[in-house]
Amino acid sequence: MSIILGIETSCDETAAAVYDSDKKLLLSGSIFSQIKLHEIYGGVVPEIASRSHLEKIDIIVQHALNDAKITLNNVDVVAVTNKPGLVGSLLIGFCFAKAISFVKNKKFIVVDHLEAHIFSSFLKDDFSVYDIEFPYISLSVSGGNTGLYLVEDFGKFELLGQTIDDAAGEAFDKIAKIIGFGYPGGAIIEEYAAKVGFKDFFNYTRTKDVSTSLNFTFSGLKTAVLYDLVKRGAYDLNSGPIWDNVTLDLKKKVSSSLLVCISDIFEQKVKLVFSKYPQVKTLTFVGGVACNKYITERLERLCKKLNKKFVSPHCGFCSDNAAMVAFVGGYKAEQNKFSDLDCDILKD
Ligand code: KG4
C-alpha cells in the first residue's frame, strides 16, 4: 500500500500528486490554477470552477502519473479531498477518484482539506519528508480558514482557536479589491507593502481579546480599513471606491499597514499559544497566506526568540495542492483508515 495518488479539487486548483509512503518521497505533483479564469470577476465563480475542473482533471492526473513514471496499475491507493470546499468543485475530484478506484479496484481514502493543510508542513522542497517532532502547533491560514491546532500525531490534532468571522486570506483579498488590486490580493498586497518597507502608516485597530482567546477576528479590521479610506476621501460608503483618490502612494501605505497589522495579530497569537503550551517545541505555518515572506520571516524570528523550531513549507505546498492530500492518504493507509466507495461527499 505504498503508492498513493492524491487528488485535490476543493476550490480553484485542479491538482494531482503521487507519493511513495515506503520511501517517504513525493514522486510528482501536477497543478492547474484557475486564477486567470476568475480574476476578472474579483473572486472564484463556483460554476466556472467546476466546469474547469471537469475539463482538466484527467489531463492533470495523467500528468502526475507520467511525471512519477508510473501508470494507474502501479497505484495502490487513491486519496481525494472530500471536504470542505465548493461542492461542485469537490464533486469533480471525488467522482473521478471514486471511478478510478472502482474500475481499477484500488483502495480509496477521503481526506479533509484542513487536515491536509496541517500536515503539508512535512513536505520538503526536494520532495522528501521533514521529521517534525510531535506535539507541535500548526498555524493554518488560507483564503477560507484561519486556525491554530495542537498536533499530537499523524491524524490526531485539536483545534485550539479559529477565526470567528473572516479568514485572514479573505481579509487580504477583500481589502485588495477595495483598493483596486486583482484577485487573489494577498500576494499583491505583499508586493506593494515591500515598496514602502513594511511600515505601519495607519495603525489599524488590532484584535481586542488578545490576552486570553486563541480565536481570531478579521472582519473588524476590514471595517477599520474601510472607514480610514472614507476619512481619506478614497471611499464612499454608498458608491464604493473613489478611484481618483486611491493613489499609488495610498495603495502602498494601506498594503503595508494591513500586512503589519495582520502579522502583529499572528505574533500575539503565537506568543499566547506557547504561553499556554510551553512544552511544545515547534510551530508550523501553512496555508496560502504562508506564501507571504514578510509574515513567515517575522514568525521565524519570533520562534527563535522563544526558543522554538519553525517550519513552513515551500509556497507550492502552502497553497492548495495534491501532494498534501497524497501525504495524508499515505499515513491513513498505514493506519488502515480506508473509506467505503459508497461514502458521501462532505462527510467523514
Ligand atoms: O490555501 P489557499 O491557496 O486556498 C484556500 O484553501 O483558501 O489560500 C489562498 C489565499 C488567498 O486568500 C490569497 O490571497 C492568500 O492565500 N495568499 C497570500 C499570499 N499568497 C496567497 N496572502 C498573503 N500574502 C501572500 N503572499
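Into which domains is the chain divided? The chain is divided into domain 1 (3-123 + 318-334) and domain 2 (136-312), with bounds that come from an automatic or database domain assignment. This is a predicted model, in which local features need pLDDT of at least 70 and side-chain atom pairs count only at pLDDT 80 or more, while totals for chains, interfaces and linings use all residues. Residues are numbered from 1 along each chain as its sequence is written, and side-chain values use heavy atoms, with hydrogens and water left out.

The C-alpha centres of domain 1 and domain 2 are 27 Å apart. Their contact (heavy atoms within 4.5 Å) takes 19 residues from domain 1 and 23 residues from domain 2. Between them the two domains bury about 1700 Å², 72% of it on carbon and sulfur atoms; buried area is the accessible area (1.4 Å probe) that two parts lose on being put together, summed over both. On the side of domain 1, Ile-118, Ser-121 and Cys-318 lose the most area to domain 2, together 34% of what that side buries.

Helices α4 (113-119) and α11 (323-334) each supply at least two residues of the side of domain 1 that touches domain 2, and α4 gives the most, with five residues. Helices here are DSSP runs (H or I, at least four residues), numbered from the N terminus.

**Salt bridges**

The structure holds 11 salt bridges.

| Pair | N to O distance |
|---|---|
| Glu-39 and Lys-36 | 3.6 Å |
| Asp-228 and Lys-231 | 3.4 Å |
| Asp-249 and Lys-253 | 3.2 Å |

Asp-228 and Lys-231 both lie in helix α7 (residues 219-231), three residues apart, about one turn of the helix. Asp-228 counts as buried because its relative accessible area is 8%, whereas Lys-231 is exposed at 65%; buried means under 20% relative accessible area, exposed over 50%, and partly exposed in between (1.4 Å probe, protein chains only). Asp-249 and Lys-253 are four residues apart in helix α8 (residues 248-276), again about one turn. Both are partly exposed, Asp-249 at 41% relative accessibility and Lys-253 at 23%. Asp-166, Glu-170 and Lys-174 are linked in a network of salt bridges.

**Phe-181**

Phe-181 is placed in the loop between α5 (168-178) and α6 (186-195). This residue is buried, with a relative accessible area of 9%. Leaving aside neighbours within four places in sequence, Phe-181 is in contact with Ala-176, Ile-188, Ile-189, Tyr-192, Lys-251 and Ser-255.

Methods
Salt bridge = Lys/Arg side-chain N within 4 Å of Asp/Glu carboxyl O.
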